[in-house]
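Me: I'd like to go through this structure with you, a couple of helices and a pocket. Could you take my questions as they come?

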Amino acid sequence: MNETKQDRRWFLKGMKDGIPIALGYFAVAFALGIAAKKAGMNVVQAGVMSITMLASAGQYGAITVIAGGGGYLQMAVTTLIVNLRYLLMSCALSQKVDPGLGMGHRFLLSYPVTDEIFGIAMSVEGRLNPFYNYGAAAVAAPGWTAGAVLGAAAGAILPRRVENALSVALYGMFLAIIIPAAKKNKIVAFVVAFSMGCSFLFAKAPVLREISSGMQIIVLTVLIAGAAAFFFPVREAEEGGDEHAS
């Protein structure tokens, strides 16, 4: 009984901490919903995609492949590559939970592994109670899905000019992600600028522009990320220093 009360307390705490995340998710997902509508998806398809994949970059990559007429395999590979960072987050969370935690809980914990939920989960002192993540996901996931559904619905009724204006918010989200990191680290700034240059080259060069958008994402992500990891590896001492500072 005491364990049940403790789980309930952690669940409610997770819901409380997840409210700000849900509000942020709603705004971002709304822009993704508009992008999904522009790619030819309907409200149901946008909702199913969002409830099954809580990942802005991954979802945007999939939408880009759909808009470019790519196939299922191309979309799956693109999503896998873009979302690889969640594998590292999951490994970190596996060290945070009780070693005796059952496979069922571990499986459920894998669903809401996002940047924000991972952040609040890792900030919990001591062992992580899985119900904390369940509580956060209970409000964050509906906020994400509702934003995508309403965005897709709005994209169907809004004038084209308004729809295009709102879709710019999606690029604003990515700028908000990369600019702070680029300002702190010159290497990150260089990689970001180099990525933009390569993307522009792929879009304009006579032969390269014939490559589908989905394949462009795959090629550029693997090559640039791989080159950056090889030439500018993150040392263990630097990682430890960053964790201590945070």
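**Helices and a pocket**

Reply: Bear in mind that this is a predicted model. At the start of α10, the backbone nitrogen of Ile-187 has a side-chain oxygen of Asn-185 within 2.8 Å.

Me: What should the 19 residues of α10 span?
Reply: Helix α10 covers residues 186-204, and at 1.5 Å a residue it should span 27 Å, which agrees with its end C-alpha atoms being 27 Å apart.

Me: OK, and which residues of α10 are buried?
Reply: Val-191, Val-192, Cys-198 and Phe-202 are buried in α10. Looking down the axis of α10, the buried residues fall within an arc of 130°, so they line one face of the helix.

Me: What does the face of α10 turned away from that buried side carry?
Reply: That face carries exposed residues, namely Lys-186, Phe-200 and Lys-204.

Me: Switching topic, how much space lies in the second largest pocket?
Reply: The second largest pocket holds about 270 Å³ of space, and among the 14 residues that line it, Met-53, Asn-83, Tyr-86, Ser-110 and Val-113 lie nearest its centre.

Me: Which classes are in its lining, and which helices supply it?
Reply: The lining of the second largest pocket has 9 nonpolar and 5 polar residues, with no charged ones, and α4 (72-82) and α5 (85-96) each supply at least two residues of that lining.

Me: Which residues of α4 are buried, then, and which are exposed?
Reply: In α4, Gln-74, Thr-78, Thr-79, Ile-81 and Val-82 are buried. Seen down the axis of α4, these fall within an arc of 165°, so they line one face of the helix, while Tyr-72, Leu-73 and Leu-80 are exposed on the other side of α4.

Definitions and conventions:
Residues are numbered from 1 along each chain as its sequence is written. This is a predicted model: local features need pLDDT of at least 70, side-chain atom pairs count only at pLDDT 80 or more; totals for chains, interfaces and linings use all residues. Side-chain values use heavy atoms; hydrogens and water are left out. Helices (H or I, at least four residues) and strands (E, at least two) are DSSP runs, numbered from the N terminus. The expected span of a helix is 1.5 Å times one less than its number of residues. Buried means under 20% relative accessible area, exposed over 50%, partly exposed in between (1.4 Å probe, protein chains only). The arc is that of the directions from the helix axis to the C-beta atoms. A polar contact is a pair of N or O atoms within 3.5 Å; within protein, one must be able to donate a hydrogen and the other to accept it, and residues adjacent in sequence count only if both atoms are side-chain atoms. On a 1 Å grid over the protein atoms alone, a cavity is a set of points where a 1.4 Å probe fits but cannot get out, and a pocket is an open set with protein on both sides within 12 Å along at least five of seven lines; lining residues have an atom within 4 Å of a point. Grid points are joined across faces, edges and corners, and a volume is the space filled by probe spheres set on the points. Ala, Val, Leu, Ile, Met, Phe, Trp, Tyr, Cys and Pro count as nonpolar, Asp, Glu, Lys and Arg as charged, and the others, Gly among them, as polar.
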